[in-house]
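Subject: Structure handover

Hello,

Here is the structure for you to look at. My notes follow below it.

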Amino acid sequence: MNNYYSSNPRFYVGIDCIIFGFLEGELSLLLLQRDFEPARGEWSLMGGFVQEDESVDDAAKRVLAELTGLDKVYMEQVGAFGDVQRDPGGRVVSVAYYALINIDEYDRELVRQHNAYWVNIDEVPPLIFDHTEMVRKARALMRQKAATEPIGFNLLPKLFTLSQLQNLYEVIYGEPLDKRNFRKRVAEMNYIEKTDKIDKTGSRRGAALYQFNEKAYREAPKFKI
């Protein structure tokens with residue numbers, strides 16, 4: 001292989017994953033308490049390094065799968081973080097991604113092995129390096145995308161109540177939504193389908209369960225909650 005760039009410096013390309021979940025009605029972040037240096041004992045995002053035989057996107061999918069056991073997860077690139085002094089372990093440019101996962105589906109044993117925990121988004125402890133900035137940018141991107149595309153359904157179980165759906169979008173946007181207007185908009189979306197199943201965990205009467213029909217959405221891609 002010709003080494004055209006040998007006169008230039010070499011350094012590491014890292015991956016950091018901002019993993020969101022919807023846990024007990026709250027938006028949560030999956031964090032790990034590091035048992036390795038640098039910054040042993042401190043809180044961080046899940047990360048790794050791009051290998052020679054993989055793309056940046058593939059590296060992000062691998063890092064996510066190593067922690068959660070999940071593939072085919074909704075992921076979006078947040079951006080590159082390359083401050084010269086950002087990582088005391090060496091010169092590292094990190095590419096951050098945020099992911100939305102269903103908390104009913106991930107591999108809890110893998111998460112335990114990585115010393116990782118779900119933390120309420122409003123109670124996130126101080127994070128290492130520039131990880132707090134990564135989380136801030138990821139939340140902003142998620143809010144923007146959730147306003148025009150149904151990405152929020154990646155955080156819900158396959159069957160959900162309208163109250164769960166409204167609660168989800170309230171925590172994504174960080175503000176309450178009018179119940180009447182919300183349900184009116186949902187009723188206009190033929191890709192949010194009412195099923196014949198009832199959730200009775202909240203009351204004796206119960207609440208109807210709904211599901212997201214991706215095929216119907218693709219045929220009528222108009223979305224705004």
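Helices and strands here are DSSP runs, numbered from the N terminus: a helix needs at least four residues, a strand at least two. On that basis the protein chain has six helices and nine strands. Please keep in mind that this is a predicted model.

**Overall picture**

The chain has 225 residues, and 43% of them count as buried. Its C-alpha atoms fill a box of roughly 70 × 40 × 30 Å along the principal axes. Take the contacts with a separation of 6 or more: 67% of them join residues 24 or more positions apart. The accessible surface is about 13200 Å². Carbon and sulfur atoms make up 47% of that surface. On charges, there are 30 positive and 34 negative side chains. The centres of the two sets lie 8 Å apart.

Serine 94 sits in strand 6, which covers residues 92-100. Is serine 94 buried or exposed? Its relative accessibility is 1%, so serine 94 counts as buried; the cut-off for buried is under 20%. The side chain of serine 94 makes a polar contact with the side chain of aspartate 16, at 2.5 Å. Beyond four places in sequence, serine 94 touches Gly14, Ile15, Asp16, Gly79, Ala80, Phe81, Arg86 and Met134.

Methionine 46 belongs to strand 4, residues 46-49. Methionine 46 is buried too, at 6% relative accessibility. Setting aside neighbours within four places, its contacts include Ile15 and Asp16. Serine 94 touches Ile15 and Asp16 as well. Also in contact with methionine 46 are Cys17, Ile19, Leu32, Val63, Leu67 and His114. For a distance check, take methionine 46 and lysine 145: 99 residues apart in sequence, and 23 Å apart from C-alpha to C-alpha.

**Aromatic residues**

How many aromatic pairs does the structure hold? There are 11. One of them joins tyrosine 191 and tyrosine 217: the ring centres are 5.1 Å apart and the planes stand at 85°, so this pair is edge-to-face. The cut-off for that label is an angle over 60 degrees. Tyrosine 191 lies in the loop between helix 5 (179-187) and strand 8 (192-199), while tyrosine 217 is in helix 6 (residues 214-219), so the pair ties together parts that are 26 residues apart in sequence. Tyrosine 191 is buried at 2% relative accessibility. Tyrosine 217 is buried at 5%. Both belong to one aromatic cluster, together with Phe153, Phe160 and Phe212.

**Threonine 195**

Threonine 195 is in strand 8. At 17% relative accessibility, threonine 195 counts as buried. What does its side chain reach? Another is the backbone oxygen of leucine 209, at 2.8 Å. Leaving out residues up to four places away in sequence, threonine 195 touches Leu159, Leu209, Tyr210 and Gln211.

**Backbone points to check**

The peptide bond from glutamate 37 to proline 38 is cis, with omega near -5°. Proline 38 lies in the loop between strand 2 (26-33) and strand 3 (43-44). Alanine 39 is in the loop between strand 2 and strand 3 as well. Phi of alanine 39 is near 65°, a positive value in a residue other than glycine. Alanine 39 is buried, with a relative accessible area of 15%.

Lysine 72 also has a positive phi, near 55°. Where is lysine 72 found? In the loop between helix 1 (56-68) and strand 5 (74-81). Lysine 72 has 86% relative accessibility, so it counts as exposed; the cut-off for exposed is over 50%.

**One more loop**

Aspartate 122 lies in the loop between strand 7 (116-120) and helix 3 (131-146). Aspartate 122 is exposed, at 62% relative accessibility. Aspartate 122 and leucine 100 are 22 residues apart in sequence. In space, their C-alpha atoms are 17 Å apart.

Best wishes

Definitions and conventions: Residues are numbered from 1 along each chain as its sequence is written. This is a predicted model: local features need pLDDT of at least 70, side-chain atom pairs count only at pLDDT 80 or more; totals for chains, interfaces and linings use all residues. Side-chain values use heavy atoms; hydrogens and water are left out. Buried means under 20% relative accessible area, exposed over 50%, partly exposed in between (1.4 Å probe, protein chains only). Contact means heavy atoms within 4.5 Å. Accessible areas come from the Shrake-Rupley method with a 1.4 Å probe; for residues, only the protein chains shown count as cover. Lys and Arg count as positive and Asp and Glu as negative; His and the chain ends are not counted. The place of a charge is taken as NZ of Lys, CZ of Arg, CG of Asp or CD of Glu. A polar contact is a pair of N or O atoms within 3.5 Å; within protein, one must be able to donate a hydrogen and the other to accept it, and residues adjacent in sequence count only if both atoms are side-chain atoms. Rings of Phe, Tyr and Trp (its six-membered ring) pair if their centres lie within 6.5 Å; planes under 30 degrees apart count as stacked, over 60 as edge-to-face and the rest as tilted.
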